[in-house]
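Dear colleague,

I am handing over the structure we spoke about, with the sequence alongside. Please have it open while you read the notes that follow.

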Amino acid sequence: MRAVDVVMKKRQGEILSDKEIGFIIKGYVDGSIPEYQVSALLMAIYFKGMTAGETASLTRFMLDSGDRMNLSGIPGPFVDKHSTGGVGDKISLPLAPIVAACGAKVPMMSGRALGHTGGTLDKLESIPGYSTVLDIGSFREGIKAEGFAMTGQTARVVPADKLLYALRDVTATVESIPLITASILSKKVAEGADALVFDVKAGPGAFMKTPQDALLLAESLVGTGTAMGKRIVAVITDMSEPLGRAVGNFFEIEETLDCLEGRGPEDVVYLTYRLGAWMLVLSGLAEDLEDGEKRCAQAVASGKAMDLFLANVRRQGGDVERMLALRGRYRSEHRAYLRAPASGYIVGLDAWKIGMAGVHLGVGRNTTADSVAPDVGFIFKKKRGDKVRKGDEVAEVFGSGLQGLAKALDLAAQALSVGPEPPAPSPLVLREILAS
Ligand code: URA
């Protein structure tokens, strides 16, 4: 078999066989097929697409390029959630202990902030002492004891994705539904979960800017994941404004504690319980969504979810007492205020601009080599739909340095729009996609 023939076949819009896809992925990982031929194939896939069968085959070969998490000997059910990335999206943090408190096991492997989107690992590492680098033994121990553990992906999890993602990044082929599907699914299936809930974000602060594109990705994830024998639901959710009131690494830990104490912001609580309910339904631990949401609320009201979260923080090296003592006080000395430019109603708080402002503050990073800070970000006092008077504080803003703070304030001011009338209410959950 020759790589050039496979490229030509896809360029002509034909369907690649399992053998051809396997030949390319194995050859790329072992170095026998050069980057320029894989680049050409990626571009052909970008333009010609892939069938559900080809996407499942690509996902399988990518998965087989590395290790899978061995969860044998631990009683399930195993379930996880994946978000395609947003601003202020800390849902994984309260969700994992809540779902664990309801009896499921959550083997959670997360990522870091990049560009305008935040990262669960950076948020966890803002807790003094907390380690997100777990060996398999510690990961298993955490899942056995608390029902969940939080770690980063090791180099051995889907190495093909690390290579392909870097190549897609420099060949303008990131935005391809089959390539995104295989990238996300291969990593999630490697974790060992039997059921997966995808939170596919749509809007300016999301990877998929329109609900139509989000729907294509959601359907592709559900179709391909189901073909791989997993129970899958994709929930399309709005990401036109940041989630919750906190955008910032430790600030979002504080909001997580608020949620686990039953006093989190309405949007965060609603989405956490909705995604949690789906996880419980898919795991056979709830009869339906209503029952699932009730169980999530009970896990919080009983204090069980909070106990599990604190036990996880301790297990992963975090200093619980210091975390609790820092609550409301872990703030950079460089502070400013985002103020309403006019009287009226907030009609927009562009999540992408707030996310990019967060990069200037030190919440997120432009490149994987950049470092982030724990004590910076936004605390919003007002959000979309709220009434404001000119000069009112919309957010407290904290930055690592004065220069970054000024740039962030400038961008945040552009993100904020105030109009004379309240905006039409818009739902947070746009659609829910189940296997057909
Ligand atoms: N996230 C991933 O993990 N992979 C993609 O291709 C896009 C987003």
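Which element gives the most to the shell around the ligand? In this model, which is predicted, that element is α9, with four residues.

The residues around the ligand are Y165, R168, I180, S183, I184, K187 and F207, and by class this shell has four nonpolar, one polar and two charged residues. Looking at the polar side chains, a polar atom of R168 lies 2.9 Å from an oxygen atom of the ligand, while an N or O atom in the side chain of K187 is 2.5 Å from a ligand oxygen, and one in the side chain of S183 is 2.6 Å from a ligand nitrogen. On its own the ligand has 240 Å² of accessible area, of which the protein covers 86%. The elements that give two or more residues to the shell are α8 (159-170) and α9 (177-190).

Turning to the strands, β9 (residues 377-380) has G377 and I379 pointing one way and F378 and F380 the other, and all of them are buried. Strand β9 is joined antiparallel to β6 (residues 246-247) by two bridges, with A246 opposite I379, and it also pairs in the antiparallel sense with β11 (residues 393-399) over four bridges, where A395 is the bridge partner of F380.

Lastly, E293 is found in helix α13 (residues 289-301) and counts as partly exposed because its relative accessibility is 24%. Leaving aside residues up to four places away in sequence, E293 touches Y273, R274 and A277; the C-alpha atoms of E293 and A277 are 5.0 Å apart, although 16 residues separate the two in sequence.

With best wishes

How values were computed:
Residues numbered from 1 in each chain as written. Predicted model: local features only at pLDDT ≥ 70, side-chain atom pairs only at ≥ 80, totals over all residues. Heavy atoms only, no water. Buried < 20%, exposed > 50% of the residue type's maximum accessible area, 1.4 Å probe, protein only. Contact = heavy atoms within 4.5 Å. Pairing = 2+ DSSP bridges. Near = heavy atom within 4 Å. Polar contact = N/O pair within 3.5 Å; in protein donor to acceptor, adjacent residues only side chain to side chain. Areas by Shrake-Rupley, 256 points an atom, 1.4 Å probe, with all protein chains shown as cover. Nonpolar A, V, L, I, M, F, W, Y, C, P; charged D, E, K, R; others polar.
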